[in-house]
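Here is a short report for a reader new to this structure. Take a look at the model, then read on.

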Amino acid sequence: MNAIDRRTFSRILTVGTAGASLPVLPVTSASASSSASAFPPAAEAGTHTSFGPLKQIRAGELNIGYVDVGPAHGPPVVLLHGWPYDIHSYVDVAPRLAAAGHRVIVPYLRGHGTTRFRSDKTFRNAQQSVIALDIIALMDALKIEKAILAGFDWGARTADIIAVLWPERCKALVSVSGYLITNREVQKAPLPPKAEWAWWYQYYFATERGRLGLAQYKHDFAKLIWKNVSPTWHFNDATFDRTATAFDNPDWVPIVIHNYRWRLSLAKGDPRFDRLEKQLAQSPAIAQPTITLDGELDPFTPPGNGASYRAHFTGAYEHRTLKGIGHNLPQEAPAAFAKAVVEVNAL
């Protein structure tokens, strides 16, 4: 059996189905028609500054904040952000996909934005499988049986995990940086110094000084990461500040710290998910149609133009490297990212 079944999952995490809307900034994107089918002209990065109404829904352990745009009965797409980013990584992607006829769901991951734990007593766990379970719970709450999943950084890892543990829920996949499922035993092996340099903050977070530093300087910290990993992306303060509000979530620091410490085997996960993690540690292949994207200037892009992870994808597959683009690929190159989502559906 590939994963826990739906009945077992329901016993672990009770999924709520009540959604509510919260007011946010006015919509600046064009409205999408349910009959829209033509892919719109390329939009420059930074064209849009906000989404439509932000919604909330009880899903598993969380009350998840999310954006839902496009025709209600269009083919669903779930877009997953990374760290230290938020849903605004897709502010120029979502309206393009909505105009192409897709229903687009963009959730705040646990610890980010308006997503909140439903209980103060819940372990602030950020191991890889539990973040994927959050998205399965969200899809269940929204009654979405299957969707195209697309993401970068934490979001790409989460999409990859869903593709292998719940393949029936993933129609197709767009994954930035390829195959990101974590094998903690492999993680114990040192990388060449240049590669380790890019991960400096992971080791900083392993210390109490790092936890305190992130809590005290979270906005400065995130802005430094943005500049370092996206060297050609000349974002302005307003762009950063829109995302930085997501870091004011009271669980942001605990979730970030636990995620990186767990990856290095310096923090324990939840024993309920040990079986899932054992499956993931086998580096299972992804069979769904997939397009992988690499940013040429992303310091985390592995060498070899996708060759290092090609064997992990056994279905229809394409790889694309975007010249001059860094780590926050969907926000730096929204037209190319949206194009990949539309085209993976036809592989």
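How many bridges join strand β2 to strand β3? There are six, and the two strands run antiparallel. This is a predicted model. Strand β2 covers residues 54–59, and strand β3 covers residues 62–69. Alanine 59 sits opposite leucine 62 in β3. Two residues lie between the strands of this hairpin. Glycine 60 takes a positive phi there, near 65°.

**The chain as a whole**

The chain holds 347 residues, and 55% of them are buried. Its secondary structure comes to 14 helices and 10 strands. Take the contacts with a separation of 6 or more: 80% of them come from residues 24 or more positions apart.

**Two crossing helices**

Helix α3 spans residues 128–141, and helix α4 spans residues 154–165. Their axes come within 9 Å and cross at roughly 75°. The two helices are therefore roughly perpendicular to each other. On the α3 side, the contact is made by Gln128, Ser129, Ile131, Ala132, Ile135 and Ile136. On the α4 side, Trp154, Arg157, Thr158, Ile161 and Ile162 take part. By class, this contact has seven nonpolar, three polar and one charged residues.

**Backbone exceptions**

Most residues other than glycine have a negative phi, and most peptide bonds are trans. Against that background, some places in this chain call for a look. Aspartate 153 has a positive phi of about 55°, although it is not a glycine. Aspartate 153 is found in the loop between β7 (147–151) and α4. Serine 177 is not a glycine either, yet its phi is positive, about 70°. The loop that holds serine 177 runs between β8 (170–176) and α5 (184–187). A cis peptide bond joins tryptophan 83 and proline 84, with omega about 0°. Proline 84 lies in the loop between β4 (76–80) and α2 (94–99).

**Buried residues**

Are aspartate 153 and serine 177 buried or exposed? Aspartate 153 counts as buried, and serine 177 is buried too.

| Residue | Relative accessible area |
|---|---|
| Aspartate 153 | 11% |
| Serine 177 | 7% |
| Aspartate 294 | 1% |
| Phenylalanine 117 | 9% |

Aspartate 294 lies in strand β9 (residues 290–295). Aspartate 294 and serine 177 are 117 residues apart in sequence. In space, their C-alpha atoms are 5.2 Å apart. What does aspartate 294 touch, leaving aside its neighbours within four places in sequence? Its contacts include Ser177, Gly178, Thr301, Gly306 and Tyr309. Also among them are His319, Arg320, Thr321, Leu322 and Leu329.

Phenylalanine 117 lies in strand β6 (residues 116–117). This residue leads back to the hairpin of β2 and β3, where glycine 60 takes its positive phi. Phenylalanine 117 and glycine 60 are 57 residues apart in sequence and 9.2 Å apart in space, C-alpha to C-alpha. Leaving aside neighbours within four places in sequence, phenylalanine 117 is in contact with Glu61, Leu62, Arg110, Thr122, Phe123, Arg124, Asp251 and Ile255. One of these, leucine 62, is the residue that alanine 59 stands opposite in β3.

Notes: Residues are numbered from 1 along each chain as its sequence is written. This is a predicted model: local features need pLDDT of at least 70, side-chain atom pairs count only at pLDDT 80 or more; totals for chains, interfaces and linings use all residues. Side-chain values use heavy atoms; hydrogens and water are left out. Axes are lines fitted to C-alpha atoms, for helices over the stretch in contact, and angles run from 0 to 180 degrees between N-to-C directions. Helices (H or I, at least four residues) and strands (E, at least two) are DSSP runs, numbered from the N terminus. Angles under 35 degrees count as roughly parallel, over 145 as roughly antiparallel, 65 to 115 as roughly perpendicular and the rest as oblique. Contact means heavy atoms within 4.5 Å. Ala, Val, Leu, Ile, Met, Phe, Trp, Tyr, Cys and Pro count as nonpolar, Asp, Glu, Lys and Arg as charged, and the others, Gly among them, as polar. Two strands pair if DSSP finds at least two bridges between them. Buried means under 20% relative accessible area, exposed over 50%, partly exposed in between (1.4 Å probe, protein chains only).
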